[in-house]
Amino acid sequence: MEKKLPKVFANHFNKKLNNTQEIFYGNVNISQSNRSFSLNEIIKKINNIFNSSDHIFKSIVLITTKDGEKEEVIIGKTANSILTMTGKTIRLNEIIDIKKK
């Protein structure tokens with residue numbers, strides 16, 4: 001019992017294909033170019049602050065952004081931001097440096 005499949009029509013294509021293109025895109029973010037530490041180093045610093053033995057619920061830190069330095073009390077972190085005691089969220093890509101006070 002052999003089933004025969006229907007025949008498929010394949011149209012002949014004799015044109016030369018030239019659909020490869022080279023595309024270049026460049027973007028410079030001002031906050032990234034002035035960064036003193038890379039984003040991975042900032043994340044490591046934040047993890048060290050939260051994993052330190054003197055951090056129980058909150059830590060007082062000095063956060064440097066492109067707007068200047070601010071003293072904040074941080075209480076939590078998400079994948080791309082940190083949470084402060086006053087309810088603000090500070091995105092990690094805005095942080096240039098962070099120091100525990």
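A nonpolar core is a set of buried Ala, Val, Leu, Ile, Met, Phe, Trp, Tyr and Cys residues joined through side-chain atoms within 4.5 Å, where buried means under 20% relative accessible area, exposed over 50%, and partly exposed in between (1.4 Å probe, protein chains only). The model is predicted: local features need pLDDT of at least 70, side-chain atom pairs count only at pLDDT 80 or more, and totals for chains, interfaces and linings use all residues. Residues are numbered from 1 along each chain as its sequence is written, and side-chain values use heavy atoms, with hydrogens and water left out.

**Overall fold**

- The chain contains 2 helices and 5 strands; these are DSSP runs numbered from the N terminus (helices: H or I, at least four residues; strands: E, at least two).
- In sequence order, the elements follow the pattern α-α-β-β-β-β-β.
- Among contacts (heavy atoms within 4.5 Å) with a separation of 6 or more, 52% join residues 24 or more positions apart.
- The chain has 101 residues, of which 24% count as buried.
- Its accessible surface is about 8,800 Å², with 53% belonging to carbon and sulfur atoms; areas come from the Shrake-Rupley method with a 1.4 Å probe, and for residues only the protein chains shown count as cover.

**Nonpolar core**

- The largest nonpolar core has 12 residues: Ile-42, Ile-46, Ile-49, Phe-50, Val-61, Ile-63, Ile-74, Ile-82, Ile-90, Leu-92, Ile-95 and Ile-98.
- Two or more residues of this core come from each of helix H2 (39-51), strand E1 (59-65) and strand E5 (95-100).
- H2 supplies the largest share of the core, 4 residues.
- In soluble globular proteins, nonpolar side chains tend to be buried together.
- Beyond its neighbours within four places in sequence, Ile-63 contacts Gly-68, Glu-69, Lys-70, Glu-72, Ile-74, Ile-82, Ile-90, Ile-95, Asp-97 and Ile-98.

**Nonpolar surface patch**

- Ile-56, Phe-57 and Met-85 form a nonpolar patch on the surface, together presenting about 370 Å² of accessible area.
- Patches are made of residues with over 30% relative accessible area and no salt bridge, like charges being joined within 9 Å and nonpolar side chains (Val, Leu, Ile, Met, Phe, Trp, Tyr) within 5 Å; a salt bridge is a side-chain nitrogen of Lys or Arg within 4 Å of a carboxyl oxygen of Asp or Glu.
- Met-85 lies in the loop between strand E3 (81-84) and strand E4 (89-91), and counts as partly exposed because its relative accessibility is 43%.

**Asn-80**

- Asn-80 is located in the loop between strand E2 (68-77) and E3 and, at a relative accessible area of 41%, is partly exposed.
- Not counting residues up to four places away in sequence, Asn-80 touches Arg-91 and Leu-92.
- The C-alpha atoms of Asn-80 and Arg-91 are separated by 5.9 Å, although these residues are 11 residues apart along the chain.
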